[in-house]
Amino acid sequence: MAYWLIKSEPEAFSWAQQMANGTEPWTGVRNHQAKKNLATMEIGDRAFFYHSVSEKRIVGVVEVVRVAYPDPTAPEGSAWVCTDMRAVGAMPRPVALAEIKATPDLQDIALVRQSRLSVVPLTPTQWDRLCVMGEWVDS
DNA sequence: GCCAACGTTGGC
DNA sequence: GCCAACGTTGGC
């Protein structure tokens, strides 16, 4: 099982909407590296749901329930993909980008190094560290 | 195939 | 609102 962090502008698609809908297709990725990451996801993989721009913090946890398939919001014939994500739960304590940047162990994650990448892989160590910071307990 | 111009993302 | 980073487009 792999770990990820996925970003969304709350004005475009928010954690509240993800929670309300339960399962939601993760569409709109138009970056090749992010697409490659999406295509690598397997059922049961977990991802942090990060609010970019206005909030800049990790707000929840989702789980991959359907592997990559053609993104219905992409132009006909294009190769963009999406996955389906199920809301698992809200972070008891949201983790801010500023905290992540202030944590020496987390300087290498792509969220910090490559701020424009919207689907970011995490190592199990990074995942565990962020779980501790957010008081999230994996079930 | 190079590179300038331009558009978008996202942190500050 | 500004700007840095980065991706894409199009002229040459």
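Visitor: Against which elements do the buried residues of α5 pack?
Guide: The model is predicted, with pLDDT of at least 70 needed for local features and 80 or more for side-chain atom pairs, while totals for chains, interfaces and linings use all residues. Residues are numbered from 1 along each chain as its sequence is written, and chains are lettered from A and ligands numbered from 1 in the order in which they are written. Taking packing as contact (C-beta atoms, placed from the backbone, within 7 Å), the buried residues of α5 pack against β1 (3-8), β3 (46-51), β4 (57-70), β5 (81-96) and β6 (119-122).

Visitor: Which exposed residues are on the face of α5 turned away from its buried side?
Guide: The buried side carries Q126, W127, L130 and G134. On the face turned away from that side, the exposed residues are P124, T125 and V132.

Visitor: Is R66 buried, exposed or partly exposed?
Guide: R66 belongs to strand β4, and beyond its neighbours within four places in sequence it is in contact with T83 and D84. Because R66 has 15 C-beta neighbours inside 10 Å, it counts as partly exposed.

Note on methods
Buried ≥ 20, exposed ≤ 12 C-beta atoms within 10 Å, placed from the backbone. Helix = DSSP H or I, 4+ residues; strand = E, 2+ residues; numbered from the N terminus. Contact = placed C-beta atoms within 7 Å.
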